[in-house]
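Here is my notebook from a friendly look through one chain. Have the structure open alongside.

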Amino acid sequence: MKDYTSYQDKWYTIPAEVVIKVLETDPEKGLTEQQISERINEFGLNELPPKKRRIRSSVFWDILMMS
């Protein structure tokens, strides 16, 4: 993949055509099995980290500090 760091701060301004080329994909067909495997190996699974639970005293403290 090519480096487009000039868009780093405003990645959402990249034209769709450029994104398709940079990601080396086909908008009609998607990724090949090989591309999927390579990207999982390089970037990991597309998962969000588990959400941290907050204890009640922490929530109470935050509310208290906002007053």
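My opening question: is Leu 31 buried, partly exposed or exposed? I found Leu 31 partly exposed, because its relative accessible area is 33% and buried means under 20%, exposed over 50%, partly exposed in between (1.4 Å probe, protein chains only).

Ground rules. I am reading a predicted model, in which local features need pLDDT of at least 70, side-chain atom pairs count only at pLDDT 80 or more, and totals for chains, interfaces and linings use all residues. Residues are numbered from 1 along each chain as its sequence is written, and side-chain values use heavy atoms, with hydrogens and water left out.

Entry, layout. I looked up the secondary structure and got 3 helices and 0 strands, taken as DSSP runs (helices: H or I, at least four residues; strands: E, at least two) numbered from the N terminus. Of the chain's 67 residues, 4% count as buried.

I placed Leu 31 in the loop between helix H1 (16-22) and helix H2 (33-43).

Entry, Arg 39. I found this residue in helix H2. Arg 39 is buried yet has no salt bridge (a side-chain nitrogen of Lys or Arg within 4 Å of a carboxyl oxygen of Asp or Glu). Its nearest side chain of opposite charge, Glu 24, is 5.0 Å away; Lys and Arg count as positive and Asp and Glu as negative, while His and the chain ends are not counted. Leaving out residues up to four places away in sequence, I listed its contacts (heavy atoms within 4.5 Å): Arg 39 touches Leu 23, Glu 24, Leu 31 and Gly 44.
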